[in-house]
Amino acid sequence: MSEQAKPAAPKAAGRAGRNTELPEHLKAYKGVWVFVEHDRGHVHPVSWELMGQARILADKLQVPVAGVLLGGPDEPLDAFAKEACAHGADRCYLVRDPVLKGYRNEPFTKGLTDLVNRYQPEIMLLGATTMGRDLAGSVATTLGTGLTADCTELNIDGRALAATRPTFGGSLLCTIMTLAYRPQMATVRPRVMPMPRRDESRGGDIVEMPLGMVETDIVTKLLEFIPDASRSTVNLAYADVIVSGGKGLKKPENFKLVWDLARVLGAEVGATRAAVQAGWTEPERQVGQTGKTVRPKLYIAAGISGAIQHRVGMDGSDVIVAINTDPNAPIFEFAHYGIVGSAMQVLPALTQAFRTHLDRRIRRAA
């Protein structure tokens, strides 16, 4: 074959070879969907948090919001759908089938991908829970689309979903957009988004679709549910008051001061990654990028510098009180109240002051 007759070499992978234009057949995709996660008769609160965010995104795009519910024939999907509409959905898509009783990746992936292929949403949001992370990855792979995981902020740029998440170990925030594929998918951790106000007057359509799958098609079998009796009862993500400690407390004995204040306030105890890695408290209490995201009414941070890895997990708190010996610590840049001083001195003083104040209120009430 002559040089002139040789076919052109394929473009090398890299920025110049990427397609950033949305193909014509994908421009028909419209709407923002939320996967409503439920288990054993209860909807995970992250689904309603995402519904409120979906409403904001959809209003910017001037498109409807839909909830997606998959479950068994005897599960209260209609009641969950009604609740989804009260939290902002205009429509709910339901798939009922015996094989959807209890989460398994294979039937849930088929149900969700079938719905997407038929009704064509442009954005799909899931909670970054154990179930949501597992399902989102397999659905994105099946659909051949992009997925941004563990987002801390969602916005609209043109018609693209601008999904922001921490990267490089939490030292940077990057915004990712899926320009040439639909749907655009993202997972968001619980408590990153505020809980929307519930509106009982809102209603919406319900659309049902069959799954078309039999038990013998599924490799994984759900034999029995055995609750973990030793599971930690820490409910950090939904606590109203949290007292957290960091490495500024110097040694594990001083972490007891955090517990003392938390007991007086009826608060949960949190910690930085450094404090957890040092063995001062259990991993379930870690707040930050690699821990829990929290939105309490009051967050007291003792001996915490305020690095971005910790900040992304707690800066949605209504009121942040920071205690640190370093007046230039980053946490003072976003805390509502700052106390420059030793946490080992300030924490006992706060504990005593709160105890005295609360005892006085109890005596008055009596």
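This is a predicted model: local features need pLDDT of at least 70, side-chain atom pairs count only at pLDDT 80 or more; totals for chains, interfaces and linings use all residues.
**Entry 1: Asp150**

I began with Asp150, which I found to be buried, with a relative accessible area of 18%. That value falls under the 20% limit for a buried residue. Asp150 belongs to strand β7 (residues 147-151). I then looked up the backbone of Asp150 and found a positive phi of about 55°, although the residue is not a glycine. I noted this value because most residues other than glycine have a negative phi.

**Entry 2: Gln62**

I turned to another residue with a positive phi. For Gln62, which is not a glycine, phi is near 60°. Is Gln62 buried or exposed? I read a relative accessible area of 74% for Gln62, so the residue counts as exposed. I located Gln62 in the loop between α1 (45-61) and β4 (65-71).

**Entry 3: a cis peptide bond**

I looked up the peptide bond from Arg182 to Pro183 and found that it is cis, with omega near 0°. Pro183 lies in the loop between β10 (172-176) and β11 (184-188). I kept this entry because most peptide bonds are trans.

**Entry 4: the whole protein**

I next recorded some overall values. The protein has 366 residues, of which 48% count as buried. I listed 8 helices and 17 strands in its secondary structure. Along the principal axes, the C-alpha atoms fill a box of roughly 80 × 60 × 40 Å.

**Entry 5: cysteines**

How many disulfides does a search of the whole structure find? The search returned 0 disulfides. I examined Cys85, which is in no disulfide, and noted that its nearest cysteine sulfur is that of Cys92, 4.4 Å away.

**Entry 6: aromatic pairs**

I counted 5 aromatic pairs in the structure. One of them joins Tyr93 and Tyr119 in a tilted arrangement, with 4.6 Å from centre to centre and 35° between the planes. The pair links distant parts of the chain, 26 residues apart: Tyr93 is in strand β5 (residues 91-96) and Tyr119 in helix α3 (residues 105-119). I found Tyr93 buried, at 5% relative accessibility, whereas Tyr119 is partly exposed, at 26%.

I then looked up Phe255 and Trp280, which form a tilted pair with centres 6.3 Å apart and planes at 55°. Phe255 lies in the loop between β13 (241-245) and α5 (256-265), and Trp280 in the loop between α6 (273-277) and β15 (298-302), so this pair ties together parts that are 25 residues apart in sequence. Both residues, Phe255 and Trp280, are buried.

Returning to the two tyrosines, I noted that ring pairs link Tyr93 and Tyr119 with Trp33 into a cluster.

**Entry 7: a charge over a ring**

Which residue lies over the face of Phe225? I found Arg40 there, at 3.7 Å from the ring centre.

The crossing in which α3 passes α4 is right-handed.

How values were computed:
Residues are numbered from 1 along each chain as its sequence is written. Side-chain values use heavy atoms; hydrogens and water are left out. A disulfide is a pair of cysteine sulfur atoms within 2.5 Å. Rings of Phe, Tyr and Trp (its six-membered ring) pair if their centres lie within 6.5 Å; planes under 30 degrees apart count as stacked, over 60 as edge-to-face and the rest as tilted. Helices (H or I, at least four residues) and strands (E, at least two) are DSSP runs, numbered from the N terminus. Buried means under 20% relative accessible area, exposed over 50%, partly exposed in between (1.4 Å probe, protein chains only). A charge sits over a ring if NZ of Lys or CZ of Arg is within 6 Å of the ring centre and within 35 degrees of the ring normal. A crossing is left-handed if the near helix is turned anticlockwise from the far one by less than a right angle, and right-handed if clockwise.
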